[in-house]
Amino acid sequence: MTNLSLQTALPLTENRSFAKILESEFPDFNVNILVSARLKTWRIERDGYKRNVYSLKIPYIFLDADDKIKIALLKWAHIIVSNKFSRRKAEISVKKQIKELEKFIYDFLKNEIKYDFRRKYFNSKEKYKDTKGVKFDLLDVFNKINGDFFNGELVCSLRWGREKSRTSYHTIRSDENGNPFHLITIAGLYNRKSTPNFAIEAVMYHEMLHIAIPPINASDIKRNVHHRQFREMEKQFPHYEEWKIWQKTLTKRIFFR
């Protein structure tokens, strides 16, 4: 059984890969390490509908961290999974351990002040290059949602994600002159003839809400993106429930085909 206590005696120069640490210290933990340029912190998710397979999503900075940080991340993920993703039902000692691990990892992030998590330069000439899909033009969808729900006040660049990408997201980028702007990327799985209008409009509305309702900063590192106000506004979309059901059905079909 894996020892979940914090290890603080490892040498600072030790820097094994996540794969080697998993192999030696978490042999029974079936987790994939996914690196994302847009993440500011980390998170653990079930890997689609695969049983007992998980994905730990991290920003690039953790790849160069020493073993203590990587082990803390894996221990944190292991505890969350072992408690079925429920902090509320976990024992008090486990909740305390989760907080200690998170503080340890957050302290590492705070010390890396020279690392810019979200800086991405984007050629302004490319802003609207990838909006036309097989059925929808994202610019048309954006303009409709902007007029219907945001009084036409939002300004944003748009693009489709890769063909088989499953995640839509909003980011803040900088153009070649250093000027920031909003960018929404819609998952490639929406770029198909069978996608209903309410689905593409719902996912666009969701991402536009990230512009209209900014995250709540709990600290310099930790952010609450889908906070209460965001969730309440999201549910006001007329086809919210229908979209959620459609999205789950699509994802399940993709995973099992």
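Guide: Look at Phe85, which is found in the loop between α2 and α3. Keep in mind that this is a predicted model.

Visitor: Okay, what's the phi of Phe85 like, positive or negative?
Guide: Positive, at about 65 degrees, although Phe85 is not a glycine. Most residues other than glycine have a negative phi.

Visitor: And how accessible is Phe85?
Guide: Its relative accessibility is 28%, so Phe85 counts as partly exposed.

Visitor: What about Lys84, where does that one lie?
Guide: Lys84 lies in the loop between α2 and α3, with α3 covering 92-111. Phi of Lys84 is positive too, near 55 degrees, and Lys84 isn't a glycine either.

Visitor: Is Lys84 buried or exposed?
Guide: Exposed: the relative accessible area of Lys84 is 68%, and the cut-off for exposed is over 50%.

Visitor: Switching topic! Which residues of helix α1 are buried?
Guide: Helix α1 runs over residues 18-25, and its buried residues are Phe18, Ile21 and Leu22. Seen down the axis of α1, they fall within an arc of 100 degrees, so they line one face of the helix.

Visitor: Why would residues three or four places apart point the same way?
Guide: Because an α-helix has 3.6 residues a turn.

Visitor: So which residues are exposed on the other side of α1?
Guide: Over there you'll find Ala19, Lys20 and Glu23 exposed.

Conventions
Residues are numbered from 1 along each chain as its sequence is written. This is a predicted model: local features need pLDDT of at least 70, side-chain atom pairs count only at pLDDT 80 or more; totals for chains, interfaces and linings use all residues. Side-chain values use heavy atoms; hydrogens and water are left out. Buried means under 20% relative accessible area, exposed over 50%, partly exposed in between (1.4 Å probe, protein chains only). Helices (H or I, at least four residues) and strands (E, at least two) are DSSP runs, numbered from the N terminus. The arc is that of the directions from the helix axis to the C-beta atoms.
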